[in-house]
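I opened the notebook to record what I looked up in this structure, entry by entry. The sequence and the coordinates come before my notes.

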Amino acid sequence: MGPSSSKNLKTVLRIDFPDNEKIGRGKMQLLEHIRETGSISAAGRAMDMSYRRAWLLVSAMNAMFSQPVVDSQRGGKQGGGAAVTEFGEKLLSRFRTMEEKIETAVASDIAWLDANRSKSTSSASEADISKAPTRRS
């Protein structure tokens, strides 16, 4: 979401559920990779995460909703595989739409922040940190 340049400000959508679960861009990217590869393992590799981590995220998403987000098959003669369900596709589509709506709604505020932020390459140089007051006991 937001501009792709690392120098520009961007908005990031994350939705926190009451039971401490969350959905955000990472899980949505994982769904996109599963859709592209047909595999939880390959999707995890594409995001530099272990199969276990990817599987745990898929399991969490499936538990968050009344319908599964990803349908997976264990390995065997036919090999394993995974597919984003129809509900998962709707979730992904709605999440991306929410991101676009937020970006549009806050565009002028983001532009204002960008125009008024420090243009230094780092948020705080070591010199600035060393000048900061410290608390001594």
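How many residues does helix 3 have, and how far does it reach from its first C-alpha to its last? Before answering, I note that this is a predicted model, in which local features need pLDDT of at least 70 and side-chain atom pairs count only at pLDDT 80 or more, while totals for chains, interfaces and linings use all residues. Residues are numbered from 1 along each chain as its sequence is written, and side-chain values use heavy atoms, with hydrogens and water left out.

**Entry: helix 3**

I found that helix 3 (51–64) has 14 residues and reaches 20 Å from its first C-alpha to its last, which is close to the 20 Å expected at 1.5 Å a residue; the expected span is 1.5 Å times one less than the number of residues. Helices (H or I, at least four residues) and strands (E, at least two) are DSSP runs, numbered from the N terminus.

I then listed the buried residues of helix 3, which are Ala 54, Leu 57, Val 58, Ala 60, Met 61 and Met 64. Seen down the helix axis, these buried residues fall within an arc of 160°, so they line one face of helix 3; the arc is that of the directions from the helix axis to the C-beta atoms. Buried means under 20% relative accessible area, exposed over 50%, and partly exposed in between (1.4 Å probe, protein chains only). On the face turned away from the buried side I noted the exposed residues Arg 52 and Ala 63. The buried residues of helix 3 pack against strand 2, helix 1 (25–37), helix 2 and strand 3 (70–73), where contact means heavy atoms within 4.5 Å.

Asn 20 lies in the loop between strand 1 (14–16) and strand 2 (22–24) and is exposed, with a relative accessible area of 62%. Asp 48 lies in the loop between helix 2 (40–46) and helix 3 and is exposed as well, with a relative accessible area of 76%.

**Entry: Thr 85**

Is Thr 85 buried or exposed? I found Thr 85 in the loop between strand 4 (81–84) and helix 4 (86–105), and Thr 85 is buried, with a relative accessible area of 16%. Leaving aside neighbours within four places in sequence, Thr 85 is in contact with Pro 68, Val 69, Val 70 and Asp 71.
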